[in-house]
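Keep the viewer open and click along as you read.

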Amino acid sequence: MEVILTVLHSIIGENLNGFNEGLSDTKFGYSVAGIGDIDNDGHFDVAVGGTKKDNDSGAVWILFLNSDGSVKSKTRIDKTNSILSSYFNQSLSTTISFGRSLALLTDIDQDGVNEIAVGCSGYETIYGKGSIAVLFLESNGAVQEYKAIHPGIPTFDDTANYFTSFGYSIASIGDINGDQFNDIVVTTPAYNDPQCQQCGAAWIVMLDSLADIVDYQRISDSLGNFAGILGYDDFFGGASTGIGDFNGDLIADVVISAKRDDDGGSNRGAVYILNLNGVPDSTYYMGIKEEHYEMVLYPNPANEQLNIDLGNNPDGYQNWQLYNMQGFLVKESTITPGSKSVQINTSQLPIGIYMVRISGKSKSFTRKVVISR
């Protein structure tokens with residue numbers, strides 16, 4: 001018997017579905033990212049980039065959605081934002097392309113609202129073009145603060161070659177170095193490696209709770225233990241994504257595309273699955289509670305069930321969510337008032353690294369958990 005599926009859809013565009021704004025010459029939709037439930041109304045929200053807004057300056061819209069996919073409200077972030085004015089003004093070029101790429105970082109500062117990373121491939125410094133703006137958001141989509149990431153800042157000294165379009169793609173890849181903060185991959189597909197001109201490169205960038213770089217590693221034709229053979233104009237880094245723990249070593253992995261790769265013939269294209277080295281998070285593996293944390297997860301790694309001890313003051317917690325390392329919500333539920341613990345059935349979940357978030361009106365905590373068999 002043939003099964004015919006009817007797929008409903010909701011379109012958001014100029015003066016459509018609650019989005020009441022003109023979009024002429026904006027390229028609205030150039031990039032998109034799910035960003036979780038920013039306003040905590042029970043419905044997921046999205047970020048949308050438009051790189052052509054204001055003559056290639058660019059913009060990002062935070063769209064708060066209703067259950068039918070229509071826009072309940074929105075916040076536009078662009079060069080007129082008072083918090084970001086210094087960031088835009090410091091670029092040597094006005095064609096910043098703010099919103100070229102987008103990635104969810106989850107709640108790295110643990111204030112109850114997720115952060116996002118915005119790629120700005122036209123942003124220009126003396127070291128080349130490209131930048132990342134990490135935006136610390138409020139629940140209404142406003143920007144609390146930002147952190148700029150590009151070659152030349154004190155913690156990123158990989159400036160031997162002129163950069164082109166740093167931040168062409170960004171992806172959240174989970175916690176690589178075991179410090180319990182999400183890290184990112186950032187690409188530059190036209191990077192001039194010393195051994196391979198315009199072959200491309202990707203950087204694994206490890207961040208702390210302030211989005212400061214604590215470490216980084218370039219992966220290119222000559223660095224990062226990369227065994228692939230790249231050639232001129234392969235465009236390694238044209239797209240990227242985190243895929244969780246692909247090879248079962250409890251460390252998140254990534255996929256990098258090279259759409260002009262010549263293996264098999266001119267411009268045939270290729271994707272590279274990169275199994276990364278890193279430090280699996282062992283903070284909670286034995287279920288030992290540290291005094292400065294209010295909750296403990298056990299067992300970690302979990303198999304059939306994850307238990308969460310909410311500590312001596314559980315009343316402020318209202319719900320829990322479990323996210324995979326791509327930032328997608330895989331499970332959630334409310335917490336019964338007065339409960340001192342939570343049990344999450346993990347028996348049907350793929351092995352890998354996840355983030356569990358316990359939140360309420362006055363406080364929230366995010367911790368990493370490993371599911372293993």
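Ser-165 sits in strand S9, residues 163-166 (strands here are DSSP runs of E with at least two residues, helices are runs of H or I with at least four, and both are numbered from the N terminus). This is a predicted model, where local features need pLDDT of at least 70, side-chain atom pairs count only at pLDDT 80 or more, and totals for chains, interfaces and linings use all residues. Residues are numbered from 1 along each chain as its sequence is written, and side-chain values use heavy atoms, with hydrogens and water left out.

Most residues other than glycine have a negative phi. Gln-198 is another such case, with a positive phi near 55°. You'll find Gln-198 in the loop between strand S11 (183-188) and strand S12 (201-207). Its relative accessible area is 31%, so Gln-198 counts as partly exposed (buried means under 20% relative accessible area, exposed over 50%, and partly exposed in between, using a 1.4 Å probe and protein chains only).

## The nonpolar cores

The largest nonpolar core has 26 residues (a core is a set of buried Ala, Val, Leu, Ile, Met, Phe, Trp, Tyr and Cys residues joined through side-chain atoms within 4.5 Å). Ile-62, Leu-84, Tyr-87, Phe-98 and Leu-135 have the most contacts inside this core. At least two residues each come from strands S3 (59-65), S5 (98-106), S6 (115-125), S7 (128-137) and S8 (143-149), and from helix H2 (85-89). S6 gives the most, with four residues.

Take a look around Leu-135: beyond its neighbours within four places in sequence, its contacts include Ile-77, Leu-84, Phe-98, Val-118 and Tyr-146 (contact means heavy atoms within 4.5 Å).

## A buried arginine

Arg-100 belongs to strand S5. Leaving aside neighbours within four places in sequence, Arg-100 touches residues including Tyr-30, Thr-51, Ser-121 and Tyr-168.

Strand S10 (residues 169-174) is mostly covered, with six of its six residues buried. S10 pairs with S11 in the antiparallel sense over five bridges (a pair needs at least two DSSP bridges). Ser-172 has Ile-184 in S11 as its bridge partner.

Ile-204 lies in strand S12 and, at 5% relative accessibility, counts as buried. Ile-184 is also one of the contacts of Ile-204, as are Ile-173, Tyr-216 and Leu-276.

## A three-stranded sheet

Further along, an open sheet of three strands runs in the order S17-S18-S21, with antiparallel pairing. S17 (296-298) and S21 (341-345) stand at the edges with a single partner strand each, so one side of each has no neighbour in the sheet. S18 (residues 305-309) pairs with S21 over five bridges, and Leu-306 stands opposite Ile-344 in S21.
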